[in-house]
Structure formats: structure tokens, C-alpha cells
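Me: Please take a close look at the surroundings of the ligand and describe them in a connected account.

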Amino acid sequence: MDLGLTGRRALVMGASRGLGKAIAAALVAEGARVAVCARDAARIAAVAAELGAEGLVCDLSKEGAAAAVVADAERRLGGLDILVVNTGGPPAATFESITDAGWRGAFEGLWMSAVGAIRAALPGMRQRRHGRIIVITSIAAKEPVANLMLSNSLRAGLHGLVNALSKEVAGDQITVNALMPGYQLTERLLELKVDEVAASRAIPAGRIGTPEDFAAFAAFLASEPANYVTGQAICVDGGVLQSI
Ligand code: NAD
């Protein structure tokens, strides 16, 4: 299948490693022109050089940073057809251990970075009557995971935003979808000290996913043939999620 991504311009946020980097690589492999961003200048420059992408430095937890990096990507690429909203996961915590500052930090990082990036990317997409917005969330948004209160709650809200926004922009041929990782083997998963053997046993597919498993579906959602899929929250999880 021709994904029709040759020459399409994409920004993948939070892409110095893990799922973001794998998505950027998949888009480059399909012929897209890609910008990647993350906080560390040297690391993102190395990843950009490795992939053949534009490397941009930004800290998405800072007010206004997401809008600024979208503007930067548009300048470098001459516009944006595809926006992949992604950033680091919030710290693990239970409700009673989270301070107001903790909630505000997670809200700024997970929620306002998504709002800021999407708001900045929409005018160009509307003007060109074409766009793909993909928001990386988590299966925790559908089935809360113990000790991940910030992720469980804020990401469920993002699914509401994705679905409601999809209706507002569908007339301009812009699709908006959420993509939920289950257990994909990235540094984040190792940092959360997930027991790989136990997790594999709990996954119907019998193994933890790879970033490439996830990226392949993201590339499809970014593609031309996916033009009629919008407002969805879709998991790539080897069958972990139990709900219908
Ligand atoms: P990761 O931690 O390996 O990578 C996150 C990327 O975002 C890195 O490039 C990092 O540098 C960048 N980043 C983090 N904070 C940033 C900031 N403030 N500003 C700019 N860039 C920033 O994570 P991952 O495993 O690739 O997962 C990506 C997202 O998906 C995360 O939000 C994670 O919580 C979520 N998720 C992952 C899994 C999984 O199995 N890997 C499962 C569920 C949800």
C-alpha cells in the first residue's frame, strides 16, 4: 500500500528516543520530511542526523514552548501536514502523594503542550485543507494502571479533547486521533521498572511490543489512506486492554 507520505511534512514531538524516535524513523522511511524535538540539544541533534530529520530543541513543560516549536518546524519545513503530539510520561504517583505543584506540572507537560501544539498547527492545516494530528496517550487512559494517577486522569481527558476536536476540524479534511501504547520496550518502560517477564505473560500476544510495532500504526494514521479515520483512540498493545 502506498501511504502517500512522500514529501509530507511532519513534526514529531518528544523524539530523542523511544516511541517518538521510532515514529519519526517510520515517517522518514516513507519519504516524509520530518522535524523532531526534545530538550537536550546534543541528543536531538544526533537523532536528527541519524534519521535525516530537522532537530529542534524545546522543553514542552514550559509555557508557550509547544506553540514555538510548531512555528519553528513550519519555518524549517515550509508548513506542517502531520503533527505527532508526544512527550515524556509524568512521574508515577498515587493520589495522596501528588501536590498541587505536581498536578500543575503534569498538566502543563501533558495537556497544555498538546493544546499549544495543536492550536499552532491548525491554521496552516485548515488553510491547506489537509492535516493529520496524532496524540500519543496510553492504555492507562482506558484502564487505569496502579500508581500512575497523573497519567490515568490527564490522558483520559485528552481522549475527550481528541474526539471533540475531530468533529470541529473534519470539514477541512483534518483527522485527529489518539494512539495508545500498551507495553512497548523503551527506556521509559525500563525506568518504570516494569518486570518484562511478568508483563509478557499478561500480554495475549506473549511479548512486549517494540517501538517499531507502534510506529508502523502511527505512520498509517498519518497516511493518505487513513483519511476517513478520525476521533478515535486506538491501542497498539498486543491485546492487553480488556475493555470493548
Ligand atoms: P520515553 O521517556 O522513552 O521518551 C519520551 C521522549 O520525550 C524523549 O525523547 C524525551 O526526551 C522527550 N521528552 C520528555 N520530556 C520532555 C519535555 N519536557 N520536553 C521535550 N521533550 C521531552 O517515553 P516512550 O516510552 O517513548 O513513551 C512516549 C509516551 O508514551 C510517554 O508519554 C509515555 O508515558 C507514553 N507511554 C509509553 C508506554 C510504553 O510502553 N513505552 C506505555 C504507555 C504510555
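Reply: The account below goes from the ligand shell to one of its residues.

This is a predicted model, in which local features need pLDDT of at least 70, side-chain atom pairs count only at pLDDT 80 or more, and totals for chains, interfaces and linings use all residues. Residues are numbered from 1 along each chain as its sequence is written, and side-chain values use heavy atoms, with hydrogens and water left out.

Around the ligand there are 27 residues, each with a heavy atom within 4 Å of it. Ser16, Thr87, Arg155, Gln184 and Thr186 come nearest. The shell comprises nine nonpolar, 13 polar and five charged residues, with Gly counted among the polar ones. Both α1 (18-29) and α6 (187-191) supply at least two shell residues each; helices are DSSP runs (H or I) of at least four residues, and strands (E) of at least two, numbered from the N terminus.

Polar contacts are pairs of N or O atoms within 3.5 Å. A polar side-chain atom of Arg155 lies 2.4 Å from a ligand oxygen atom; for Ser16 the corresponding distance is 2.7 Å, and for an N or O atom in the side chain of Arg17 it is 2.8 Å. The protein buries 93% of the 820 Å² that the ligand exposes when taken alone, by the Shrake-Rupley method with a 1.4 Å probe.

Gln184 sits in the loop between β6 (174-181) and α6. Gln184 has a relative accessible area of 5% and is therefore buried (under 20%, protein chains only). Its side chain reaches the backbone nitrogen of Gly182 at 3.2 Å. Leaving aside residues up to four places away in sequence, Gln184 touches residues including Leu19, Leu189, Ile208 and Phe214 (heavy atoms within 4.5 Å).

Technical notes
Polar contact = N/O pair within 3.5 Å; in protein donor to acceptor, adjacent residues only side chain to side chain. Buried < 20%, exposed > 50% of the residue type's maximum accessible area, 1.4 Å probe, protein only.
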